[in-house]
Amino acid sequence: MAEIERCSLSGDASPATDLIRDAAARQRSGAIQRLRERFPGWDPESSTLNLGLATPTLASTSLDDGVLDGVSSAIDRYLATGDLGERRATLVSSRENRAHPIPPSIGTERSTPNAGLNVDPFLGAEELLAGNTLNLNDAQAHLGGRVQDLCDDLALAFVAHVQMNVYVSWGEAPGFGAHWDDHDVIVVPVAGAKYWTVDEPPALAPIKDVIPAGGTGKSVWSGVLSRGDALMIPRGWPHHVAGLGEEVSVHLTASIRRPTALDLLVHLPSERFEREFELDDADLEHCLGSWASILTTEPRVGPIAATTARLAGFAGHRMRAVMPGGAVFLDERADAEALEMATNNRTVRIPRSSAPALAELLDGWRTVEEISAATGSPRDDVVDLVERLGSVGIVQLESPA
Ligand SMILES: O=C(O)CCC(=O)C(=O)O
């Protein structure tokens, strides 16, 4: 997105921006509540408030809600049939504890002109049995709607970029060895068990390439994780993993990338660096808003479903709007008729009279008819709003059964 002028989180104190801001805050609270239910024993709210220095937390996952059902076979199918680019999938060598692109020796490229690289199942199995680890990054779109829901809730709760990474290994595979990540991590085992050790962090809020990458040897937690457990490892806490016994082990890692001060400063307009450098509240609000406005979630439906829904005037379709960055307003572009928001890395103009309808869409799944009845907005205005929000990628749609 081109550099945008001033972002505001509070809006212009009009009824329209107040309504949207409050609905976005409720959307975030709803996500925090759902996370509490999915991970009993973990308090996402206190985690979202700290700067990544809370201690690791062991929680459980409520498996009966089906989040992990079918995930193992979805991973397998993706490895064998997906188009695995260099950063999408890696092979972590047990000798070097380092990730490499999938080597041509285990990749299959079908003989069609546009074929992409996949992992050959039998040759991949040989690598696993030799103690190497297969890793898939940013895999959430392939793991089913429940995993995507989890990613969306984490993104909303933490106001952060969230992606789901996958690790598959066999036996005593050592994976990456001791290392720390510059993002928060939630480990969710899917199959098999692994022994995890977490160390004290090497420094307060360590920065990559400044603080050494390995462990500190001062273990604060260790134990076996298997399906039904979840381990929250804050940014900067070194961890290492060892497989157990003769079984295939699969775990998901939600990586939650909250902004550091450096990430935020990147959003400061360049002319602010030319004057005597002193940040005021408006600068900070702009940096936070601009960071939040580039957060995205994965689309749920493609152009076929969107076209079908539009042709039907959305009749009977349930939909909701998801703004992972919350409400970010561009007050300088607003006028008496409309306000402008920055979301999902784009900007969208919204008639002020549509603010109640947007609040409904942020509050949960609704049909156009329900929104129209609840807000008194004419049906055509609600459809116009859905089209506007859809064109910036924040509408999730469910087709009628
Ligand atoms: O299993 C591995 O190889 C490393 C896993 C890891 O570090 C993680 O999930 O964050």
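**Note on the predicted model**

1. With 9 C-beta neighbours inside 10 Å, Ala13 counts as exposed, where exposed means 12 or fewer other C-beta atoms within 10 Å of the residue's own, buried means 20 or more, and partly exposed covers what lies in between, with C-beta atoms placed from the backbone. Ala13 sits in the segment before helix H1 (15–38), and its phi is near 65°, a positive value in a residue other than glycine.

2. This is a predicted model, in which local features need pLDDT of at least 70 and side-chain atom pairs count only at pLDDT 80 or more, while totals for chains, interfaces and linings use all residues. Residues are numbered from 1 along each chain as its sequence is written.

3. The protein has eleven helices and 17 strands, these being DSSP runs numbered from the N terminus (helices H or I of at least four residues, strands E of at least two). The radius of gyration is 23 Å, close to the 21 Å that the globule rule gives for 401 residues, so the protein is as compact as a globular protein of that length; the radius is taken over C-alpha atoms, and the rule is 2.2 Å times the number of residues to the power 0.38. Along the principal axes, the C-alpha atoms fill a box of roughly 65 × 55 × 45 Å.

4. Of the 401 residues, 39% count as buried. Among contacts between residues at least 6 apart in sequence, 74% join residues at least 24 apart, a contact being two residues whose C-beta atoms, placed from the backbone, lie within 7 Å.

5. Eight strands form an open sheet in the order E1-E11-E8-E13-E7-E6-E2-E3, with antiparallel pairing; two strands pair if DSSP finds at least two bridges between them. The edge strands, each pairing on one side only, are strand E1 (57–60) and E3, and the twist averages 25° from one strand to the next.

6. Helix H3 (residues 71–81) touches E6, strand E7 (161–170), E8 and strand E13 (248–257), and its direction makes about 90° with that of E6. Helix H5 (residues 145–158) touches E7 and E13, with its direction at about 135° to that of E7; axes are lines fitted to C-alpha atoms, for helices over the stretch in contact, and angles run from 0 to 180 degrees between N-to-C directions.

7. Strand E2 (residues 89–93) pairs in the antiparallel sense with strand E6 (residues 133–136) over four bridges, and Ala89 stands opposite Leu136 in E6. Four bridges also join E2 to strand E3 (residues 98–101), again antiparallel, with Thr90 opposite Pro101 and Val92 opposite Ala99. E2 and E3 form a hairpin with four residues between them, and Asn97 in the turn has a positive phi of about 55°.

8. Asp138 also has a positive phi, near 55°, in a residue other than glycine. It is placed in the loop between E6 and H5 and is partly exposed, with 16 other C-beta atoms within 10 Å.

9. The ligand is surrounded by Val92, Thr133, Tyr167, Gly175, Phe176, Val185, Val187, His239, Val241 and Thr253, a residue being near a molecule or strand if its C-beta atom, placed from the backbone, lies within 6 Å of it. Strand E8 (184–191) and strand E12 (239–243) each supply at least two residues of this shell. The shell divides into six nonpolar, four polar and no charged residues, where Ala, Val, Leu, Ile, Met, Phe, Trp, Tyr, Cys and Pro count as nonpolar, Asp, Glu, Lys and Arg as charged, and the others, Gly among them, as polar.
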